[in-house]
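Let's talk this fold through together. Have a look at the structure first, then we'll go over it in questions and answers.

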Amino acid sequence: MRHMMFVAGSVFFAIIFSTAAFALSEERLMLFAGAASKPPAEEAVKLFEKNTGVRVEVIFGGSGYVLSQMILAKKGDIYFPGSSDYMEKAKREGYVYPETERIVVYLVPAINVQKGNPKHIKNLEDLARPGIKVAIANPEGVCVGAYAVEIIEKNFTKKQKKDFKKNIVNYTESCAKTLTVVSLKLVDAVIGWSVFQHWNPETVETIPLKSNEVVRVGYIPIAVSTFTKNKVLAEQFVDFIISEEVRSIFKKHQYFSSEQEAFAWIGQKPVGGEYAVPAEWTGK
Amino acid sequence: MKFKKLCIMFAFCSFFLYAGLIVSLAYFFRGALFVETLFNERTFFSIRLSVSAATIATLISLCIAIPSAYALSRCHFPGKGIIDTMLELPMIVSPAALGAMLLIFFSNPAGSWLQQHGVQFVFAFPGIILAQFITTAGIATRLIKAAMDEIPGKYEDVASSLGASPLKSFLTVTLPLSKRGIIAGAILTWAKALGEFGATITIAGSMAMKTETIPIAIFMSLSNADIERTVILIFILIGIGIGVLYGTRLLLRKMPYDWK
């Protein structure tokens, strides 16, 4: 019995030590990513792991939330937010190497409605119509919410804005939840990204905004974190993400893989940048 | 004696574990921002919203929990075992999953009908109360049942033999004797409701000055990569929670049944 216990104990410790040794010797990258690119990003990560043998640990979440996690953990090799706004903040505060920033894909804001468009929403003005239930992402922490506010501020009169605000049932806390509330028919429309339609084609359809209504085209950037301990490998991952192979994955998921593609859909627009959300939208 | 000292040491270890976490917040603490945030209308609104929703949810939970706990403690009926197990649902299923279940329910025809003809729960104040109620009702029932289980059934039998109706024996015997357990259950329920986040944000959204409770404000600040404000809001939540709980304990010491 003692002998058996000794053998079992030895095997147990051998497994633990070999696993730990393997984990320590294995090359790893830690990626903090916004949820706006989750489906293709997961595919790209798998492909990178297969090609290089490097293990990539991905932490998905809201772009600002994962930035906070990265700052507080003082860890991470790559920052991959859902839009440029948080990358600007990360660059300004020195959490990424600005020279390593690359654009992966482009995003265009649009109206998303329930499949079949039961409320016959045809344009932005319809979102201020009485009886229409609208949601936008929280403009304070979710980039697509800031884009929505910017569009409303630019295009609506004071009265339309008041009516639109009356129609807002609430803010959603993430990009994905903005899509979910339409999918579950809890609201009639949201201002989201054009690509939302392809995330959930059975329940959601996109109504394009007019070209003059869209202020900016968004993009999903990627950059190497200043917390990285393996800058060369992190840069290798960034190069991989902007490679044609990965672009084709994003294209498969209906993202705009170039400025030209985005402009062809909505017209020529400024790309990226930041927008300061007026205090009246955030209750500050 | 050694054993008691060891136990006291463990108690202090638990204290220092939590106290250490609170002290570590000071690293990001900014005094000027604390004053600005504390006296901000939005923060006031969030505090008022959190406290009122937690209080209402606790009262509703108790209204359901007390009779349910009595039934589970004293009566034998078919399905008792299933009901008893179901009370653990909020502990098995994460709050976010409970919130998702609520959201899915309200997107179904029955839920939609209820919303159109009754109360609007999704993205509204009643949604916060519902989320907090769902996550606390089972726990409140479990805690109160444990208190009632401690009271021998023979006291009620004596009351019945003296002519008291079941309601009267419950009101004059069981309820007063389990008062201490009910109050303890109420305090824990309130505390859990105050800090509830996952289910609340899922069903009620995160709009400032509408459904932004303090835990949601903390999450949104962190989502905005605003760590200093996050720290201040955590201090406010801790201050309210610990303050109210400690104050209640001090008040209860004057009562005949306390935690001494």
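**Walking through chain A**

Chain A has eleven helices and ten strands in its secondary structure; helices (H or I, at least four residues) and strands (E, at least two) are DSSP runs numbered from the N terminus. This is a predicted model, where local features need pLDDT of at least 70, side-chain atom pairs count only at pLDDT 80 or more, and totals for chains, interfaces and linings use all residues. Residues are numbered from 1 along each chain as its sequence is written, chains are lettered from A and ligands numbered from 1 in the order in which they are written, and side-chain values use heavy atoms, with hydrogens and water left out.

Reader: What is the strand order in the open sheet of five strands?

Author: Strands count as paired if DSSP finds at least two bridges between them. The edge strands, pairing on one side only, are strand 2 (55-61) and strand 4 (102-107) of chain A. Pairing in this open sheet is mixed, and the order in chain A is 2-1-3-10-4.

Reader: How are helix 4 and helix 5 of chain A oriented to each other?

Author: Helix 4 (residues 84-92) and helix 5 (residues 143-155) of chain A pack with their axes 8 Å apart, at an angle of about 110°. Axes are lines fitted to C-alpha atoms, for helices over the stretch in contact, and angles run from 0 to 180 degrees between N-to-C directions. Angles under 35 degrees count as roughly parallel, over 145 as roughly antiparallel, 65 to 115 as roughly perpendicular and the rest as oblique. Helix 4 and helix 5 of chain A are therefore roughly perpendicular.

Reader: How many residues of strand 8 of chain A are buried?

Author: Buried means under 20% relative accessible area, exposed over 50%, partly exposed in between (1.4 Å probe, protein chains only). Strand 8 (residues 189-193) of chain A is mostly covered, and its buried residues come to five of five.
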